[in-house]
Amino acid sequence: MYEEVAEGRGRGEPALRLAGLSGSLRCASFNSALLREAAMLAPPHAHFVLYGDLAELPHYNEDLRGEADPAPVADMRAFFAAADAVVIACPEYNRGMPGVLKNALDWLSRPPDPPLYGKCVLLIGTATGGMGGALAQYQVRQVLSAMGAIVQPGREVALPYAADHFTPELRLRQESDRNFLREAIERFCALCHTVRPLVSL
Ligand SMILES: Cc1cc2nc3c(=O)[nH]c(=O)nc-3n(C[C@H](O)[C@H](O)[C@H](O)COP(=O)(O)O)c2cc1C
């Protein structure tokens, strides 16, 4: 299952297919809400699709990798393989990433053709604590680096005190937050356009 959020309409830039992954299983997740906001703020040529089956993945187990991966794993790998770039919204659990997200990344990391290898990834996140989940993002950054992904450098998109920043309908309250997120997505799309011709060499 996936959700199409924004249709690329093109303004001269080549279309970019961005795959979104939220590391939270909660229906009312602030991180999933932040990812949806990011999708809505993406430039017109960016076509955002959100992965929605994190809960279906089995725990990583080498024994489950026979002739073929388990169906939810194969579907997830195909979903991210079809993307030009990836945006991950990462919750913070005990100053680290949630186990479900690490599990997904471990499945995505395995050969052949690991789908995030050589792909640009933007990390975003929010947490109810005062550091906005920045520490968890550094853990994800380290894992993505081992997977051969190209993680957007620079300022973290880590929104602290999540409950104060979202409405009951899980929309961002403040224009300043939307502007910050929009700028981060635009910078990321620019990075993708720069890097894509290089990694396809
Ligand atoms: C097991 C657990 C550990 C947590 N640890 C942290 C933490 O280290 N830092 C923090 O800011 N919030 C922490 N929180 C609170 C989360 O930021 C909060 O539950 C948040 O809403 C989770 O993201 P989500 O809304 O996308 O599910 C923790 C929550 C849980 C359940």
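Strand E4 and strand E5 (residues 120-126) run parallel and are joined by five bridges; strands count as paired here if DSSP finds at least two bridges between them. Alanine 89 stands opposite isoleucine 124 in E5. The element names come from DSSP runs, with helices (H or I) of at least four residues and strands (E) of at least two, numbered from the N terminus.

Before going on, a word on the source: this is a predicted model, where local features need pLDDT of at least 70, side-chain atom pairs count only at pLDDT 80 or more, and totals for chains, interfaces and linings use all residues. Residues are numbered from 1 along each chain as its sequence is written.

Back to E4. Is this strand enclosed or open? Five of the five residues of E4 (residues 85-89) are buried, so the strand is largely enclosed by the rest of the structure. "Buried" means that 20 or more other C-beta atoms lie within 10 Å of a residue's own, "exposed" means 12 or fewer, and "partly exposed" is in between, with C-beta atoms placed from the backbone. Both faces of E4 are covered, with Ala85, Val87 and Ala89 buried on one side and Val86 and Ile88 on the other.

Now follow the chain out of E4. The loop between E4 and H3 holds asparagine 94, which has a positive phi of about 50 degrees although it is not a glycine. Asparagine 94 is exposed, because 8 other C-beta atoms lie within 10 Å. In the loop between E4 and H3 you also find arginine 95, another non-glycine with a positive phi, this time about 65 degrees. Arginine 95 has 14 C-beta neighbours inside 10 Å, so it counts as partly exposed.

Next comes helix H3 (residues 99-109), which makes a right-handed β-α-β unit with E4 and E5. Right-handed means that, with the strands pointing away from the viewer, the path from the first strand over the helix to the second runs clockwise. Proline 112 sits in the loop between H3 and E5, and a cis peptide bond joins proline 111 and proline 112, with omega about 0 degrees.

Helix H1 (residues 30-41) contains serine 32. Serine 32 is buried because it has 24 C-beta neighbours inside 10 Å. Leaving out residues up to four places away in sequence, serine 32 touches Ser22, Ser24 and Ala89; a contact means C-beta atoms, placed from the backbone, within 7 Å.

What about the ligand? Its shell has 15 residues, and the closest are Ser24, Ser29, Asn31, Ala127 and Gly129. To be in the shell, a residue needs its C-beta atom, placed from the backbone, within 6 Å.

Zooming out, the protein has six helices and seven strands, in the order β-β-α-β-α-β-α-β-α-β-β-α-α along the sequence. Of its 201 residues, 38% count as buried. The C-alpha atoms fill a box of roughly 50 × 40 × 30 Å along the principal axes. Residues 24 or more positions apart account for 80% of the contacts with a separation of 6 or more.

Note on methods
Contact = placed C-beta atoms within 7 Å.
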